[in-house]
Amino acid sequence: MAKPKDVVSIIKLQLPAGKATPAPPVGPALGQAGVNIPQFCKEFNDKTSDSPGMIFPVIIYVAKNKSFSFIIKTPPASVLIRKEAGLAKGSGEPNKTKVGSITKAQLKKIAELKMKDMNCFSLESAMSTIAGTARSMGVTIV
């Protein structure tokens, strides 16, 4: 990664695994910073090609000389919950309409995966946070 003093811009994007292309939103965001767009797309796609269908947040650090480095975070909790519950999308009215359910074991699995990107100190607090996300999507915990 570029040294913090060399970083001139930080770009945050959410991209589908293995499907980054120079089309928007990647092209315009990286083009303004002067980054080699095809090189970024190739590197991102190579690193995420083993997880098709997932969306990954990525933080791109651009240095003065237009070189870049990036960090790929874990997928958002909502994406992981939808995958575990087998849903296309969450509920439009989560307090009235429940669209699916996940087990405590699935909840724990998601919390363990997300733990490194969360500001939680214990697995229980991470599970509580993920459970709150599930409730706001209309997914029940059984």
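Analyst: Let us begin with burial: a residue is buried under 20% relative accessible area, exposed over 50%, and partly exposed in between (1.4 Å probe, protein chains only). With a relative accessible area of 15%, C120 is therefore buried. This is a predicted model, in which local features need pLDDT of at least 70 and side-chain atom pairs count only at pLDDT 80 or more, while totals for chains, interfaces and linings use all residues. Residues are numbered from 1 along each chain as its sequence is written, and side-chain values use heavy atoms, with hydrogens and water left out.

User: Is C41 buried or exposed, and how many disulfides are counted?

Analyst: C41 is buried, because its relative accessibility is 5%. A disulfide is a pair of cysteine sulfur atoms within 2.5 Å; by this rule the count is zero.

User: Which residues of helix 1 are buried, and how are they arranged?

Analyst: Helices (H or I, at least four residues) and strands (E, at least two) are DSSP runs, numbered from the N terminus. An α-helix has 3.6 residues a turn, so residues three or four places apart point the same way. In helix 1 (residues 26-33), V26, G27, L30 and A33 are buried. Viewed down the helix axis, these residues fall within an arc of 140°, so they line one face of helix 1; the arc is that of the directions from the helix axis to the C-beta atoms. Their cover, judged by contact (heavy atoms within 4.5 Å), includes strand 1 (7-16), helix 2 (37-48) and strand 2 (55-63). Just after helix 1, G34 adopts a positive phi of about 80°.

User: How many salt bridges does a search of the whole structure find?

Analyst: Side chains of opposite charge can pair when their charged atoms come close. The criterion for a salt bridge is a side-chain nitrogen of Lys or Arg within 4 Å of a carboxyl oxygen of Asp or Glu. The search finds two. In one of them, K42 pairs with D46, with the closest N and O atoms 3.1 Å apart. K42 and D46 are four residues apart in helix 2, so about one helical turn separates them. K42 is exposed, because its relative accessible area is 54%.

User: Which residue forms a salt bridge with E84?

Analyst: The partner of E84 is K109, and their closest N and O atoms are 2.8 Å apart. This pair links distant parts of the chain, 25 residues apart: E84 lies in helix 3 (residues 77-85) and K109 in helix 4 (residues 104-114). E84 counts as partly exposed, because its relative accessibility is 21%.
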